[in-house]
Amino acid sequence: MIFIMAWRNIWRNKVRSIVIMLSVAIGLFAGIGMLALYKGMLRSRVRTVIDAETGHIQIHNPEFKKDFHPAYVLPNSNELLKSIRSFSGVKLAAPRSIVQGMLVTTTGSSGVTINGVVPELEYKLSKLKEKLIEGEGFHTDKKNEVIIGKKLADKMKLHLNSKLVLTFTDTADNIVSGAFRVSSIYQSNNAPLDEVNVYVPLETLNELLLTGNSFHEVAILLNNDDDLQMVQNQLKTKYSFLLIETWKDISPETELMVKTIDDYSYIILIIILFALAFGIINTMLMSVLERTKEIGMMEALGTSRKRIFLLILLETIFLTVAGTPLGLLVAYFLINYYQTAGIDLSGMGKEMMASFGYSTTIYPSFPSEKLGGVLLLIVSTAIVSCILPAMKALRLQPVEALRR
Amino acid sequence: MNTTVIDAHNISKVYNPKTIPVHAVNEVHLHINKGEFTALVGPSGSGKTTLLNLIGGLDRPDKGNIFINGTDITKLTAGELISFRLHNIGFVFQSFNLIPVLTAKENAEFIMLLQGVKRKERERRMMQLFKDIGLEDKMDVRPEKLSGGQQQRVAIARALASKPQFILADEPTANLDSASASNLLDNMAKLNKEENMTFIFSTHDQRVIERARRVITLVDGKISSDTAVVPTTEIQTGQVTS
């Protein structure tokens, strides 16, 4: 009967209760919406890292990563590439030759990372072609073409067909230079990378580096994100002498962001609920003060203090939880809509978003895995909110309460 | 043989002891047996309600002891006192004090739920009690839809539901019209007679005093007279046997 009483009590002042329920619903919607936005942003960022920057896994000669000397190619590169492609779960494996160098034009120079790539494979692996904003990519009949990022093009005042010279050291530590013509300009969601990464055909770069058919990196895309650890372990077992890293190892800041954003979003949700708690406390205090005589009478009749506490606790929980389904439903439907339609945040500054490696269109994702935690937080809010009103009720002496 | 239900020894209650002391109850001795139908009367401020609160364990005396069926309730802790009230004392208040969100039946049943009485037994007693108070057709009605007299009868059903040792009624007819008061008193007298239920009223109401078998008059917190009487109603209907 305490349950029935608690439920009926919250409807004694309908307007007041509905205002609190709506506050909880709006607060919850805001909290869930924010979690969904973060989840969407992170998912997008992780996808960008995997699909457009690093791939799922990269394999290098362990010495290569120490100082990026071009001599440290992958041993038996082509056999290795063939073997990797035969691993279960591997969707695509693409070779890359990589060297640090200088991009020189008539107006200046800039340090760059020169990526020698197989165009058709790179288009699929890092979606390079999709990122092109000018030009058609590499032409099969032309060897000395380079694709540069928009940020670098703007900085060096380069355009399509502009000439430039790439200078770097070869495997024998000789300084070599090659003249290239800009065939295309790309723009990704990561402006800092656009400023330093340039792409040339693998064969052209290898000729200059004197690496023959060898290369420095194999970038791998998997069919399924969940196979990451399994494939890495298999590769490590077979190629223990190579450096085999996942995107989490290569881009630890992204992994860290995934972990910390979760904590931040909970903190923000707690702040929202903390603010709501004051409204709930106020409502419950008013409710208790209005019923002083009734509560005193209940105690006079023999209702234990434990039961009176339970009554106040249940009323607070009902009041808090009653708004929850509404908040969740509105959040669910709106998030599902924007998960398909996307939210355009370009108004916040495309440059700024790109400088942090984020797309300007965010596709929020309903954080169903966090619902348990969110509901736990709501119930905790109710429990914390009930303490003050309950203490007020428990301090009542029946004889004094009945006199009022 | 008379069974003692209430035995109060030398009880006193002083309000504002450090400023302007008010001796609400002053060294009162009171002895009430099972089945008595007692009215506590006296002018306003004479200590009727305070004495009732002390006997009912709602307040603690500053001095003296109160034994209910042999238990000294002045020695009980707050929690023990709540439990003691639940199992031994029925209350009827001046302003009914029914729980507005519960129906008449739920209000009366509430006490039995607190006592842990089984559903079947609760149902049986509810039917009997509402029949006794003549409100079988109002069991599922909330208090706001009942008249003052009906609400007070539900309050009596609630007080009786716990099978108490005695019922304390503080000005039970104060907010009732004549017909309702008369009807209520009939109900109480019937329960007193048929079930030997002990009733103690605090009242100014002459209608209640006329029904009482014992009238205790309080003046300035002291008992000024304690008289066994023959209720006027019994004289009028020729029920006097002695």
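Two residues are in contact here if their C-beta atoms, placed from the backbone, lie within 7 Å, and the legends below describe a predicted model.

**View 1. The contact between chain B and chain A.** Chain B brings 18 residues to this contact and chain A brings 17 residues. On the side of chain B that touches chain A, the elements giving two or more residues are α2 (78–88) and α3 of chain B, and α3(B) gives the most, with five residues. The residues on this side of chain B divide into twelve nonpolar, three polar and three charged.

**View 2. Helices α3 and α4 of chain B.** The axes of α3 (residues 104–115) and α4 (residues 119–132) of chain B come within 10 Å and cross at roughly 130 degrees, which makes α3(B) oblique to α4(B). The crossing of these two helices is right-handed. From α3(B), B:Lys105, B:Ala108, B:Glu109 and B:Met112 meet B:Arg122, B:Arg125, B:Met126 and B:Leu129 of α4(B), and the residues of this contact divide into four nonpolar, no polar and four charged.

**View 3. The largest nonpolar core.** This core has 114 residues, of which A:Ile312, B:Leu40, B:Ile55, B:Ala157, B:Leu168 and B:Ile200 touch the most other members, while helix α2 (residues 14–54) of chain A gives the most to the core, with twelve residues. Apart from this core lies another, of 44 residues, including A:Leu80, A:Leu128, A:Ile185 and A:Ile244.

**View 4. The surroundings of B:Leu40.** When residues up to four places away in sequence are not counted, B:Leu40 touches B:Lys48, B:Leu51, B:Leu52, B:Ile200, B:Phe201, B:Ser202, B:Ile216 and B:Leu218.

Technical notes
Residues are numbered from 1 along each chain as its sequence is written. Chains are lettered from A and ligands numbered from 1 in the order in which they are written. This is a predicted model: local features need pLDDT of at least 70, side-chain atom pairs count only at pLDDT 80 or more; totals for chains, interfaces and linings use all residues. Axes are lines fitted to C-alpha atoms, for helices over the stretch in contact, and angles run from 0 to 180 degrees between N-to-C directions. Helices (H or I, at least four residues) and strands (E, at least two) are DSSP runs, numbered from the N terminus. Angles under 35 degrees count as roughly parallel, over 145 as roughly antiparallel, 65 to 115 as roughly perpendicular and the rest as oblique. A crossing is left-handed if the near helix is turned anticlockwise from the far one by less than a right angle, and right-handed if clockwise. Ala, Val, Leu, Ile, Met, Phe, Trp, Tyr, Cys and Pro count as nonpolar, Asp, Glu, Lys and Arg as charged, and the others, Gly among them, as polar. A nonpolar core is a set of buried Ala, Val, Leu, Ile, Met, Phe, Trp, Tyr and Cys residues joined through C-beta atoms within 7 Å. A residue is buried if 20 or more other C-beta atoms lie within 10 Å of its own, exposed if 12 or fewer, and partly exposed in between; C-beta atoms are placed from the backbone.
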